[in-house]
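Hi,

Here is the structure I promised to send you. Have a look at it first, and then read my notes below.

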Amino acid sequence: MEEEAAAERSNLAGVRHILLVLSGKGGVGKSTISTELALSLRHSGKKVGILDVDLCGPSIPRMFRVQDNDVHQCDSGWVPVFVDQDKSISLMSIGFLLEKPDDAVVWRGPKKNALIKQFVADVAWGDLDFLIVDTPPGTSDEHISTVEALRPYKPLGAILVTTPQAVSVGDVRRELTFCKKTGLRVLGIVENMSGFVCPHCSECTNIFSKGGGEELAKHAGVPFLGCVPLDPQLSQSLEEGRDFIQEFPKSSAFPALARIAQQILDGTSQRSS
Amino acid sequence: MAEAPCGPQPEDCPGTNSAQAGRAAACQGCPNQRLCATGAAAPDPAEAAELRERLRSVKHTILVLSGKGGVGKSTFSALLAHGLAADEAKQVALLDIDICGPSIPKMMGLEGEQVHQSGSGWSPVYVEENLGVMSVGFLLSSPDDAVIWRGPKKNGLIKQFLRDVDWGEIDYLIVDTPPGTSDEHLSIVQYLSATHIDGAVIITTPQEVSLQDVRKEINFCHKVKLPIIGVVENMSGFICPKCKNESQIFPPTTGGAEKMCQNLNVSLLGKVPLDPQIGKSCDKGQSFLSEAPESPATLSYRNIIQRIQEYCDQHHFHEEKII
């Protein structure tokens, strides 16, 4: 009861839904999917925040072209960085706290855990429809601390991202176990980098194989949210911090990303009814 | 409100990764003192002696690092091991210290293998007579088993891997690491300070999102005084098998690894193009170098492996005899 009361007064009191983006495997597109999901939800009129708890490799600030911004304090805590005038997307990342972008954060677990607790408790998010939590690969300090710190706020669940290959799926199986053990609901699996359509001749090549994510979802009994193909335009947009959803609605990746966002929205409207 | 752990460091801060972290006189009063002190310290002299003894027979040690996940560290480590072990006269060891996401057993075709104990310690799992492998993957009973450990426990296992595995006489010890600059990386550098590390090979893809993490890794290497053998740019272009046109799937918007290496004065060992066969071979547990000997990617890998060998030969470590 005390925990619930504290949750009501906290900086996360105005956040309607919290969802985590996990993998287990590195480099599968967690930050990419977090960013594109945020953009999609914004285009559906939602207010979104992204909390980047990857302390060693914070990718989120650059994906919105705000990597040079600073974080300011207010009475309730840290003010998140807004990516535009509308304040429809706000971010928090260790990337904003580094003096120089190339500074390595060489911290052991306990120090990482302390910052994550602060990130969860001390960022003045205000009112948000969604808070997306982008994580580093693995099942270690950052993940344990994030789930523990978020528990009183009852997160919606987790999206797990994989590439199609067995080597990736192998790690994501372990992440599923992590979710089970920590009581985190799995909203579904996304199979990223699933096929590449040559822009010259339209031949589709499965560079990182195909189907592993879908099979895993079936095997584990969790929803399959869809396949997102490799699209160099998407990679380029992210590098340059542009709005991919706005600029490339004809891209092969766009329908897949839009479908994932729609399933999340459908899931939340089901939950509240 | 609690102070931000990223606050100003005291003058004469010994460094958060030093053995004196949290313990030096300058640490008194620093808000992070307790945090620094709870990290695993460098091994004590007795432990260091034990590690030194165990690793005495290792001629060359190479760390494969990145900073960024999913750029091909494990793939490269596996192929480096295969490449070096092609010379049957050389004894090669591959140590996988990615505790949460151990990919090496699968890539080496050793899934399901278990570690055996003998009088002289844990036996590595052998792929060939001259190529032995160790990974936490061999200690797990099911592919769904998750290793949900905080830092100190991971450090303990890494120490065990170095202290308790009976590698025998090795020409090359290759250490595959997880992404990041955290417990595993600090620990391996600290524990291996008991012996000698020839250097680190750093893997990246051409994209800025990778390079920004790799620059941090390069800084980490400088901080802990780890020599850098060079950088490998992976996934560097894709040639369509049908029309043979090249596409940059991970475009080098800021000049790729080449520009970064120029700016930071580190060696670019080579660029490896994307080849769908690489992923397939990894999933099957076969060596891509053997499965696709004609691929441009194989040629790149072989050139890079040769450069690494040359580096090791030139920087030959003369073992100090402890009297």
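A quick term before we start: helices (H or I, at least four residues) and strands (E, at least two) are DSSP runs, numbered from the N terminus. With that in hand, Lys73(B) is found in helix α3 of chain B.

Some housekeeping: this is a predicted model, where local features need pLDDT of at least 70, side-chain atom pairs count only at pLDDT 80 or more, and totals for chains, interfaces and linings use all residues. Residues are numbered from 1 along each chain as its sequence is written, chains are lettered from A and ligands numbered from 1 in the order in which they are written, and side-chain values use heavy atoms, with hydrogens and water left out.

Back to Lys73(B). Its relative accessibility is 6%, so Lys73(B) counts as buried (buried means under 20% relative accessible area, exposed over 50%, partly exposed in between, with a 1.4 Å probe and protein chains only). Leaving aside neighbours within four places in sequence, Lys73(B) is in contact (heavy atoms within 4.5 Å) with residues including Asp176(B), Thr177(B) and Ile203(B). Its side chain also reaches the backbone oxygen of Lys68(B) at 3.0 Å.

Both of those lysines turn up in the UniProt record: an unreviewed entry places a "binding site" feature at Gly67(B), Lys68(B), Gly69(B), Gly70(B), Val71(B), Gly72(B), Lys73(B) and Ser74(B). UniProt positions are given in the numbering used here, feature names are shortened, and such annotations may be inferred rather than shown by experiment.

Why does Val71(B) count as buried? Because its relative accessibility is 1%. Leaving aside neighbours within four places in sequence, its contacts include Ser66(B), Ile203(B) and Asn234(B).

Now for the whole of chain B. Its secondary structure comes to 11 helices and 12 strands, and buried residues make up 57% of its 323 residues.

Finally, look at chain A. There, 8 strands form an open sheet in the order β5-β6-β2-β7-β1-β8-β9-β12, with mixed pairing (two strands pair if DSSP finds at least two bridges between them). The edge strands, β5 (81-82) and β12 (224-227) of chain A, each pair on one side only. Strands β8 (residues 157-162) and β9 (residues 186-191) of chain A pair in the parallel sense over 5 bridges, and Ile159(A) stands opposite Gly188(A) in β9(A).

Definitions and conventions. Polar contact = N/O pair within 3.5 Å; in protein donor to acceptor, adjacent residues only side chain to side chain.
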